[in-house]
Amino acid sequence: MMLELEGVEGAYGHARALHGIGLVVDEGEVVCIVGRNGAGKTSTLRSIVQDIITVTGGHVRFRGEDLVGLGPHEVVRRGIGYVPEDRRVFANLTVTENLTVPRSFEAGGHWTQARVEELFPPLAEFRSRLAGNLSGGQQQMLSIARSLLTTPRLLLLDEPHEGLAPLVARSVVEAIGNLKSLGVSMLLSEQQLHLVHETADRIYVVDRGRVVFSGTVAEFDRDEEVARRYLMVAG
């Protein structure tokens, strides 16, 4: 397996947020974490990259190595790309300048600026524009592209469609589909179930910092009680 979380506990200061999270992502697989706002989706992704949250128990293993105790930059260098919900583009740098930042991680990777511009054509159109002047959707494209340029073996995406206009969200969905077809392993958090159905191989449902369901998309569809109880979706 590529990624394994085993019994992960996590906290923000004295406030516990994760209570024994366990999940697995295999090579070439797309896994989605779903749940209501505040259920623990973002905290789970943060526990993997050791970002903001403190892992207080359990194991986060990536290709056999336990990542607990490493800094976020050390995690990225080991091959995990992270696209947070707030995108974190460098607003005062141009698109091209944002895309040069990952070059310090690994030279000669198979992801290049030309390849990410092919994946996200607006980035080529707005190379000289300041990232702070891009639309939300364009910033999301830039954030994903910048992560790809670190040549990740696993890409983490925190609600990549959140707050985007429908047409822009569709372009992001298509890009994720393209990445999946290229064999890129991904772990996504998501609330929109129709998007989950388009991208996921397997689903984990989280509630109050715990995994309450895991299975394939087909298994999730057959378990109407899970959707009703934890996602407030009519069966």
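Begin by selecting Leu155, Met186, Val205 and Phe220, which touch the most other members of the largest nonpolar core, a set of 44 residues. A nonpolar core here is a set of buried Ala, Val, Leu, Ile, Met, Phe, Trp, Tyr and Cys residues joined through side-chain atoms within 4.5 Å, where buried means under 20% relative accessible area and exposed over 50%, with partly exposed in between, for a 1.4 Å probe and protein chains only. The model is a predicted one, in which local features need pLDDT of at least 70 and side-chain atom pairs count only at pLDDT 80 or more, while totals for chains, interfaces and linings use all residues. Residues are numbered from 1 along each chain as its sequence is written, and side-chain values use heavy atoms, with hydrogens and water left out.

Stay with Met186 and show its surroundings: leaving aside neighbours within four places in sequence, its contacts (heavy atoms within 4.5 Å) include Val30, Val31, Leu155, Ile176 and Leu179. A second, separate core of 29 residues can be coloured next, with Leu3, Leu18, Leu45 and Leu187 among its members.

Now turn to the strands, which, like the helices, are DSSP runs numbered from the N terminus (strands E, at least two residues; helices H or I, at least four). Six of them form an open sheet with mixed pairing, in the order S6-S7-S8-S3-S9-S10, two strands being paired if DSSP finds at least two bridges between them. Strands S6 (80-83) and S10 (210-216) stand at the edges with a single partner strand each, so one side of each is left without a neighbour in the sheet. Select S3 (residues 30-34) together with S9 (residues 202-207), which run parallel and are joined by four bridges; Val31 has Arg202 of S9 as its bridge partner.

The next stop is helix H7, residues 166-181, whose 16 residues reach 22 Å from the first C-alpha to the last. Which residues of H7 are buried? They are Ala169, Val172, Val173, Ala175, Ile176 and Leu179, and, seen down the axis of H7, they fall within an arc of 160° (taken from the directions from the helix axis to the C-beta atoms), so they line one face of the helix. The buried residues of H7 pack against helix H4 (113-119), H6, S7, strand S8 (185-190) and helix H8 (193-199).

Technical notes. The expected span of a helix is 1.5 Å times one less than its number of residues.
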